[in-house]
Amino acid sequence: MERGKMAEAESLETAAEHERILREIESTDTACIGPTLRSVYDGEEHGRFMEKLETRIRNHDREIEKMCNFHYQGFVDSITELLKVRGEAQKLKNQVTDTNGKLQHEGKELVIAMEELKQCRLQQRNISATVDKLMLCLPVLEMYSKLRDQMKTKRHYPALKTLEHLEHTYLPQVSHYRFCKVMVDNIPKLREEIKDVSMSDLKDFLESIRKHSDKIGETAMKQAQQQRNLDNIVLQQPRIGSKRKSKKDAYIIFDTEIESTSPKSEQDSGILDVEDEEDDEEVPGAQDLVDFSPVYRCLHIYSVLGARETFENYYRKQRRKQARLVLQPPSNMHETLDGYRKYFNQIVGFFVVEDHILHTTQGLVNRAYIDELWEMALSKTIAALRTHSSYCSDPNLVLDLKNLIVLFADTLQVYGFPVNQLFDMLLEIRDQYSETLLKKWAGIFRNILDSDNYSPIPVTSEEMYKKVVGQFPFQDIELEKQLFPKKFPFSEFVPKVYNQIKEFIYACLKFSEDLHLSSTEIDDMIRKSTNLLLTRTLSNSLQNVIKRKNIGLTELVQIIINTTHLEKSCKYLEEFITNITNVLPETVHTTKLYGTTTFKGKVAQTACMSACKHLATSLMQLLLEAEVRQLTLGALQQFNLDVRECEQFARSGPVPGFQEDTLQLAFIDLRQLLDLFIQWDWSTYLADYGQPNCKYLRVNPVTALTLLEKISREMKDTSRKNNMFAQFRKNERDKQKLIDTVAKQLRGLISSHHS
């Protein structure tokens, strides 16, 4: 019973499961029905399930049939309507087919045109894109072309600016193109090329100004000369205040504006062509001769490239080298004034350029650098002038050199360079100038003295008298009262010498001009130089005249008279100096003229010494005269007494100013010779001969032998022996032997001296 209940329960459970599966099949999507059917086959009751499934299908078929029967009439009606429509649809189809054929035929050309239009539109888009790209590229290419043109025309600074714009503005916009990569790679090379070319232009500029420094300096010095002439003209006119041309005025003549895109010249060498102007025309400004644009451009270029310091060092180094070349004077500079002028022109030209660079650039050169160059130039210039001026013996050339140095100093002073050392050096040259003047006037005095007749000047008329008095300040009331013809006490050389002294004073004054000296300094210089002229040059000239062998006593007396009148004229010379220097004689430290007192005493001393020497020489010649063949010892004794009288006159001091025994030295040769023979001191003479402290140092063996032979002849004279002696005495024979022995030894001394 229980088993039947259990079977019944399982059957109900299986039926329920089958029902569930059927519902799931009805409600589940076909794609997902697999698992459901799988569960059926997994079980053991699939046969019963198939039965249930067939039953369910039949039920559904009955329901469908019922529904179809219900809707059948409507379906039939629809089919009928559909059949009617089929005919109309066939007609429509035929019409559409015809229309389509016609449309295809008619639209074939349109399709071709549309295809062409499509291609055109595609090309248009490509062209538009290309134009847009080219619009980006064209500015780059234009800038690059502009850059090459600027490089070609040597506009380097604008080219550098263009290169910057190209690199930072234009190339980044088209950096993906290959040609831009080429340009970018080429930019450093272009920069280096610009740098090298600008440096080449600078080298050309430096070489050009080195060659043309003398022209630049010449122009600057002409300007300074014109300004000085103008200042002198203004000084001669009534005015209130006067100023030297300022440094600012020196720069008005030069106006150079350097623009970054328009340089002044594209083929500039640094020097502009200037025709030579006549002296009466306006001289162009020194800077007008120079185009500094190469320097400015190169400076800007190196500054932009970050190499300004390199450029500054190079520029200064090259200019230092050029300065050393300029400061090296030519070996023959002292021969002509043009040599000095060219030397100065080159120095001025160099520093005019540097001064302009200093004031028109910021930092290329500085004041310390300029001062260093100027100190070097000043020391070398002064050394060169000292050396070369020392060779000059022409006072006119020395004076011209002084004027040139003053102009040189004034020119550089306009540009702010200190020139005090140059004026100090001019004071040294002034001493040299005085020496050359003294040498020149020594020749003038020599010519005057040589041409003088040493006779009082005769005058036969009032006109001649006034002419002489006009030349020489002479006043004598007694002479004025005398009737013509009459004579001045002095000879022609007095007024001539007096006038030459005045000319000498004028020459000294010329050198003092423009040296910025005070009147007192000028007066002192003139007086000192005039004193040298009187006491040294004129005195030596007179002494040389007195020392002449053919000078007579009358001439000596006239010379003393002349010097006396020259001495008296010194007060007039002092007045003359006072008038031209405006320094009163009473001024403290004013140098007084020594006058001719000094050399008048020298004239007397020289005359006395010359007379004593002439007397001693005449006496010596008398002893040694060839016509006197024999000489006795007695005559020699008397001759000795005469010489002693002459020596006594020399010791008496006939002319003051001689040192003790100075005049006696004129007779020293005679005295030693006479002492040797009178004392018969041959042993001492022969033993000490040649020694520096020899007793008979002034006795020449030839002179002693000549005199000894005359005495020997007298002793050997046979006629005198026959008349006075019958035979030789023993002492005379011994003396004759001694004379022969001494004569032999003297001949030995003479021959050994000659050998």
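1. The side chains of arginine 341 and aspartate 338 are joined by a salt bridge with an N to O distance of 2.7 Å, where a salt bridge is a side-chain nitrogen of Lys or Arg within 4 Å of a carboxyl oxygen of Asp or Glu. Because arginine 341 and aspartate 338 are three residues apart in helix 10 (residues 337–360), about one helical turn separates them; helices here are DSSP runs (H or I, at least four residues), numbered from the N terminus. Arginine 341 is partly exposed at 31% relative accessibility, whereas aspartate 338 is exposed at 52%, the classes being buried for under 20% relative accessible area, exposed for over 50% and partly exposed in between (1.4 Å probe, protein chains only).

2. On provenance, this is a predicted model, in which local features need pLDDT of at least 70 and side-chain atom pairs count only at pLDDT 80 or more, while totals for chains, interfaces and linings use all residues. Residues are numbered from 1 along each chain as its sequence is written, and side-chain values use heavy atoms, with hydrogens and water left out.

3. A salt bridge also forms between aspartate 669 and arginine 698, whose closest N and O atoms are 3.1 Å apart. This pair links distant parts of the chain, 29 residues apart, since aspartate 669 belongs to helix 22 (residues 668–679) and arginine 698 to the loop between helix 23 (682–688) and helix 24 (701–716). Both partners are partly exposed, aspartate 669 with a relative accessible area of 30% and arginine 698 with one of 45%.

4. Lysine 695 and aspartate 681 meet through their side chains in a salt bridge of 3.7 Å, N to O. Lysine 695 sits in the loop between helix 23 and helix 24 and aspartate 681 in the loop between helix 22 and helix 23, so the contact ties together parts that are 14 residues apart in sequence. Lysine 695 is partly exposed, with a relative accessible area of 45%, but aspartate 681 is buried, with a value of 15%.

5. How many salt bridges does the structure hold? The count is 21, and Glu19, Arg23 and Arg56 are linked in a network of such bridges.

6. Lys317, Lys321, Arg324 and Lys380 gather in a surface patch of positive charge. Patches are made of residues with over 30% relative accessible area and no salt bridge, like charges being joined within 9 Å and nonpolar side chains (Val, Leu, Ile, Met, Phe, Trp, Tyr) within 5 Å. Lys and Arg count as positive and Asp and Glu as negative, with His and the chain ends not counted, and a charge is placed at NZ of Lys, CZ of Arg, CG of Asp or CD of Glu. Helix 9 (residues 308–326) supplies the largest share of this patch, three residues; lysine 321, which lies in helix 9, is partly exposed at 42% relative accessibility.

7. A nonpolar surface patch is formed by Tyr72, Phe75, Ile79, Leu82, Leu83 and Val85, which together have about 610 Å² of accessible area, calculated by the Shrake-Rupley method with a 1.4 Å probe, only the protein chains shown counting as cover for residues. Leucine 82 is placed in helix 3 (residues 46–152) and is exposed at 52% relative accessibility.

8. With a disulfide taken as a pair of cysteine sulfur atoms within 2.5 Å, the count comes to zero. Cysteine 298 is buried, at 0% relative accessible area, and cysteine 612 is buried at 3% relative accessibility.

Technical notes:
Helix = DSSP H or I, 4+ residues; strand = E, 2+ residues; numbered from the N terminus.
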